[in-house]
Amino acid sequence: MNKTDRLLAIVLELQGKGRQRAEDLACTFETSKRTIYRDIQALCEAGVPLVAVPGQGYTLMQGYFLPPLSFTPEEAFMLLLGSDYMAQNFDTHYREAALAAYRKIASVLPEHVRSETQSLQRSICFVGPANSATEHALVQRLRRTILECIMIRFCYHTRYSKVGQPAENTREANPYGLTYMNGWYLVAYCHLRQGLRTFRLDRMTDVEFLPTSFQRPSDFRMQEHQPDEEPRNLTVRAIFASEIAQWVRETRPYHTVAEEEGPYGLLMTFKVRHENEIVQWLLSWGRHVQVLEPVSLRQRLADEATAMLQQHTGIG
């Protein structure tokens with residue numbers, strides 16, 4: 001943080017929290033007390049009315065304030081929640097920026113709005129998955145490759161692979177953007193697949209940054225990009241027993257396209273890219289599910305059931 005930013009931040013901190021000691025300010029802005037003393041002197045010379053009380057710290061003169069922002073408690077809460085969430089899940093550079101934004105927003109809120117916002121924060125907790133330090137470092141490095149348009153090479157591990165394709169392979173890609181959907185994903189042009197693909201960061205290993213640049217299409221927009229662009233052309237239809245219908249609805253895959261409940265049970269229709277995407281989920285319902293189509297998937301579940309029976313028969 002440069003000096004100008006820090007001077008403004010000190011004013012915002014005093015406005016938001018009231019009296020602060022030099023030790024408190026030094027801790028907040030990760031600097032020395034000597035630097036804070038110099039900053040306070042600079043603010044006084046600039047005409048900021050500061051009051052110093054020996055042993056108690058500094059405060060702004062009564063009635064001095066920056067122009068307030070007209071946020072409702074709900075608007076302020078969403079901004080503060082968003083900055084707090086980004087501080088937890090993005091890389092170091094933007095985490096510091098998010099924390100700084102959090103302090104600035106909180107400090108300029110009128111007292112009654114700040115009080116209501118703090119009450120909401122105490123009542124609502126947003127819990128996101130913990131990301132590893134390795135993933136945070138990768139996010140930071142990928143952010144640079146996106147800005148500088150640098151190609152990357154990595155080994156990608158696929159949980160569900162098509163017949164005849166390896167579960168892991170080496171990819172070279174042009175990184176276009178990052179998105180967070182219960183985990184970090186990279187949107188990139190894949191040279192192996194000759195098209196846009198979305199890669200989970202936790203499935204990427206041995207990431208190399210190549211000495212080759214690329215030109216990102218001028219019409220590319222992250223907001224318009226839909227992950228998993230590979231078409232879902234395989235239709236799966238299955239009937240679930242009535243007694244488990246409620247639980248099936250709670251855990252149904254996001255690619256469910258239709259459902260119909262009748263005396264026979266719950267009929268559901270799915271669109272998937274290949275059978276591997278849904279086979280484990282169907283198996284989890286045991287005898288309470290009957291696959292209608294495709295025939296190959298029905299046979300696959302029957303083979304799995306036979307293999308399970310053989311594996312468990314005779315265990316004593």
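Two strands pair if DSSP finds at least two bridges between them. Helices (H or I, at least four residues) and strands (E, at least two) are DSSP runs, numbered from the N terminus. The model shown is predicted: local features need pLDDT of at least 70, side-chain atom pairs count only at pLDDT 80 or more, and totals for chains, interfaces and linings use all residues. Residues are numbered from 1 along each chain as its sequence is written, and side-chain values use heavy atoms, with hydrogens and water left out.

View 1. Axes here are lines fitted to C-alpha atoms, for helices over the stretch in contact; angles run from 0 to 180 degrees between N-to-C directions.

**View 2. Strand 3 beside strand 7.** Strand 3 covers residues 150–157. Its antiparallel pairing with strand 7 runs over 5 bridges. Arg-153 has Glu-208 of strand 7 as its bridge partner.

View 3. Contact means heavy atoms within 4.5 Å.

**View 4. Helix 1 crossing helix 3.** The axes of helix 1 (residues 3–17) and helix 3 (residues 33–45) come within 10 Å and cross at roughly 80 degrees. Helix 1 is therefore roughly perpendicular to helix 3 (65 to 115 degrees; under 35 is roughly parallel, over 145 roughly antiparallel, the rest oblique). Contact residues include Leu-7 and Ile-10 of helix 1 and Ile-36 and Leu-43 of helix 3.
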